[in-house]
Amino acid sequence: MLKVLHTADWHLGRRFPSFPEEAQKKLSRARMEVIARVFDVARRNGVGAVLCAGDLFDDPTPSEDFWEGLAKTLRDHPGPHVPTFLVPGNHDPLTPESVWAPTHPFRGRLPNWVHVVDRDDFSYELAPDVVLYARPCRSKAGEHDLAMELPARETGDKRIRIGCVHGCTFDMEGYQTNFPISRDAGVQRGLDYLAIGDTHSFRDVTESMPVPTVYPGAPEATNFDEPQSGNVVLVALFRHGIRPRIEVERVAFWRWLDVRCCDMTQLRRLLTTPDLDRHVVRLRLDMSVSLSEENEVERILRELQGTEAAHGRAGILLVDKSDFRLLPGSGDIFPEDLPPVIRDTIARLDRIIEEADDDYEKLRATRALGHLYRLLQSSDVLSGKAR
């Protein structure tokens, strides 16, 4: 039996412009930090090779921080050092100016057990009865099926044959497939396993076929719509004709959580999420609250987000309040024994809300009530009363 580790879509150097600056740094660093965990999984499981199926960088000319960081991670890996294969994908294609070019300094920093797939006829004998075939992407877009361009099995060849390319197995009407891969390419080329990359969630797209064609998914997610990301795939190959055994192992630090809260109960429940500090949370507030509940909402958001004096409960938090609504009126937020001038102001604002025909005027008056309440909270007027 030979065991290999299959990974893809590291996207080193990826930016996250929709996040705050500090969160962007956390997410970019996580993409580099997960690589060491990928190779730790390889070491613990005694694999004979590591296959990295494309889009390892987010673009073909990443900054030195990222290519030097990857080279250092590989050089510092304690071993045992098994053959590791880096395949250029459509995000980081092999071009004369790319990080994969033979003249790029990145290539000189790599240890000798790391092999860049920089030829269309790339092959490597992993064992006397096991051979790897791989082919790089040479552009950001293409119509060629790189899997079908791998050598076909010749009559009498009983070796285990592994293919490794980057591309897309989807074929939807009106959708331009980039580097399309035929679903039965592994069968047609006489392979025993086809390692591919592109989709960021784990998928075995040929579960009903004798040759697995597998996306391992990104080892760290890049967005909220990648539910099966964060993994690598361990592949146990026995002999030609026996379907390999596929195992998925998680390596990601971050989990991405997209939450829509429609009432206070759901929002309070978010605080009980296990390991919330390891979650990237997008919180959508689709709810109507009173002034008193709004104060609780702001308290919960501060607890999740953190302050200059305390870390937040959530690792990274994005808040969408576009559907957050404030119920008009003061409700029962103010105590009764306030000074007369303050009671008169509250009554006047409540009367404006009751008599206004325009929702905007109601909202302005309600916001004024909320502002008044916060002013009273920050003074000693509510001491011993509303607090």
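## Strands and helices

In β10, the bridge partner of Ala-195 is Val-214. The model is a predicted one, in which local features need pLDDT of at least 70 and side-chain atom pairs count only at pLDDT 80 or more, whereas totals for chains, interfaces and linings use all residues. Residues are numbered from 1 along each chain as its sequence is written, and side-chain values use heavy atoms, with hydrogens and water left out. Helices (H or I, at least four residues) and strands (E, at least two) are DSSP runs, numbered from the N terminus.

Two strands count as paired if DSSP finds at least two bridges between them, and β8 has the two pairings tabulated here.

| Strand paired with β8 | Sense | Bridges |
|---|---|---|
| β7 (residues 160-166) | parallel | five |
| β10 (residues 213-215) | parallel | two |

Five of the five residues of β8 (residues 193-197) are buried, meaning under 20% relative accessible area with a 1.4 Å probe and protein chains only. Tyr-193, Ala-195 and Gly-197 point one way from β8, while Leu-194 and Ile-196 point the other way.

Helix α7 (residues 340-355) and helix α8 (residues 359-378) pack at an angle of about 160°, with axes 8 Å apart, where axes are lines fitted to C-alpha atoms over the stretch in contact and angles run from 0 to 180 degrees between N-to-C directions. The two helices, α7 and α8, are therefore roughly antiparallel, a term for angles over 145 degrees. Contacts (heavy atoms within 4.5 Å) involve residues including Ile-342 and Leu-349 in α7 and Ala-365 and Leu-372 in α8.

Definitions and conventions:
Buried < 20%, exposed > 50% of the residue type's maximum accessible area, 1.4 Å probe, protein only. Parallel < 35°, antiparallel > 145°, perpendicular 65-115°, else oblique.
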